[in-house]
Amino acid sequence: MKAITYSSYGNPDVLEYGDQPLPKVGPGMVLVKVKAASVNPVDWKIMSGGLDGAMDLQFPAIPGWDVAGVVESVGIDARQFKAGEEVIAYGRKDYVQGGSFAEYIALPERVLARKPETLNWNESAGLPLAGLTAFQVLNRLGLKSGETVLIHGGSGGVGTLGIQIAKAMGANVIATASEKNHGFLRDLGAEPVAYGDGLADRIRALRPNGVDVVADFVGGNLETTLAVLADGGRHASIADSEVENHGGAWMWVSPVGTDLRELAKLVDSHKFRVEVAEVFPLEKAADAFRSNMEGHTRGKIIVAVDQDS
């Protein structure tokens, strides 16, 4: 099969396009023919060696944790999916090696969910990691209908899905973003607030008694969070461990298939919008990484693998 690999840590220049062995499909595993994958910052942070102290990696490594595709075959005692079914997954494994930037990926069936019917292949590939992150954070914080949640980073991949998940839960949403993205956030159902100096004052002007929940999807916002959180409020961050010293939760997304299945149902019932910024062919994955590393796009960077069959 064709795949993207790297055999040493570095920048996108270490990525190579070529042939790799077809993954083995063990007990409880599913072989997925990849239609599309998406780039997440964690992909290039791992590639750079930035997470070497936390994650085991085997070279040559195929990057990529987000995937949308079709079940090609199933292993022994894999009973939840059948060949031909359309699926999605956040395919993080116990070590980094056989990722989704390839024509095929083998995954434990426990991490898979059926593809949302309302999303195309590219949109579906952009859903798992970002969507699960927002879904798990908001659920852990116990967000309830009628409460107000502040989302830091509302126009990012996690933030845009977090807004829609929170709205589907019946919550009111305030979200931070640059002014150029305020119309976009209003379309998603959020009250936009410009980040920068005076952010806490602008939020307090909207909610003088504070907000019930804060979900920080970008980091560096602890001071503002504590300034606008109502008494008894809850907060979490995916990017700032310091929140743990102030009653908050520091979270890392988990590859839980049951959560992903609930999210997929939520997407279909509320017709979520997954913003796709750019699409690259598999052989141009290095350019997809570079685009994601620039950090100026609104929406997901997608790698289209095989959408002709």
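## Terms and overall division

A cavity, in the sense used here, is a set of grid points where a 1.4 Å probe fits but cannot get out, and its lining residues are those with an atom within 4 Å of a point. The model under discussion is a predicted one.

The protein is divided into domain 1, spanning 2–129 + 270–304, and domain 2, spanning 130–250. Taken over C-alpha atoms, the centres of domain 1 and domain 2 are separated by 28 Å, and the contact between them involves 13 residues of domain 1 and 14 residues of domain 2.

## The largest pocket

The largest pocket holds about 1,200 Å³ of space. It is lined by 42 residues, of which P41, G157, V158, F217 and V218 are the closest to its centre. Two or more lining residues come from each of α1 (41–47), α3 (128–140), α4 (157–168), β11 (172–177) and β17 (300–304), and the largest share, 4 residues, belongs to α1.

By class, the lining of the largest pocket comprises 21 nonpolar, 17 polar and 4 charged residues. Both domains take part in this lining, since at least three residues are drawn from each of domain 1 and domain 2.

N40 is found in the loop between β3 and α1, and N181 in the loop between β11 and α5 (182–188). Buried here means under 20% relative accessible area. N40, with a relative accessible area of 3%, is therefore buried, and N181 also counts as buried because its relative accessibility is 8%.

Leaving aside residues up to four places away in sequence, N40 touches D66, L129, N292 and K300, while N181, under that exclusion, touches S155 and R298. N40 and G157 are 117 residues apart in sequence, yet their C-alpha atoms are 9.0 Å apart in space; G157 is one of the residues closest to the centre of the largest pocket.

## The second largest pocket

The second largest pocket has a volume of about 480 Å³. Its lining consists of 24 residues, and K93, Y95, Q97, G98 and A106 are the closest to the centre. At least two lining residues are supplied by each of β4 (57–62), β7 (96–98) and β8 (104–108), with β8 providing the largest share, 4 residues. The classes represented in the lining of the second largest pocket are 14 nonpolar, 5 polar and 5 charged residues.

## Enclosed cavities

The structure holds 2 cavities of 30 Å³ or more. The largest cavity contains about 50 Å³ of space, and its lining is formed by I62, P63, G64, W65, G91, K93, Y95, V96, Q97, G98 and G99. Strand β7 makes the largest contribution to that lining, with 3 residues, and the lining as a whole divides into 5 nonpolar, 5 polar and 1 charged residues.

The second largest cavity has a volume of about 40 Å³ and is lined by Y6, V42, D43, I46, P63, G64, W65 and V96. Its lining has 6 nonpolar residues, 1 polar residue and 1 charged residue.

In soluble globular proteins, nonpolar side chains tend to be buried together. The largest nonpolar core in this model has 93 residues, and those touching the most other members are Y6, F101, L112 and V149. Strand β3 (residues 29–39) gives the most to this core, with 8 residues. Because domain 1 and domain 2 both give residues to the core, it lies between them.

F101, one of the residues with the most contacts to other core members, touches A3, I4, A37, S38, V39, I62, P63, G64, L282, A285, F289 and V303, not counting residues up to four places away in sequence. A second, separate core has 10 residues, including V193, I203, V211 and L229.

Technical notes
Residues numbered from 1 in each chain as written. Predicted model: local features only at pLDDT ≥ 70, side-chain atom pairs only at ≥ 80, totals over all residues. Heavy atoms only, no water. 1 Å grid on protein atoms, 1.4 Å probe; cavity = no way out; pocket = protein on both sides within 12 Å on 5 of 7 lines; lining within 4 Å. Points joined across faces, edges and corners; volume = space filled by probe spheres on them. Nonpolar A, V, L, I, M, F, W, Y, C, P; charged D, E, K, R; others polar. Domains from an automatic or database assignment. Core = buried A, V, L, I, M, F, W, Y, C linked by side-chain atoms within 4.5 Å. Buried < 20%, exposed > 50% of the residue type's maximum accessible area, 1.4 Å probe, protein only. Contact = heavy atoms within 4.5 Å.
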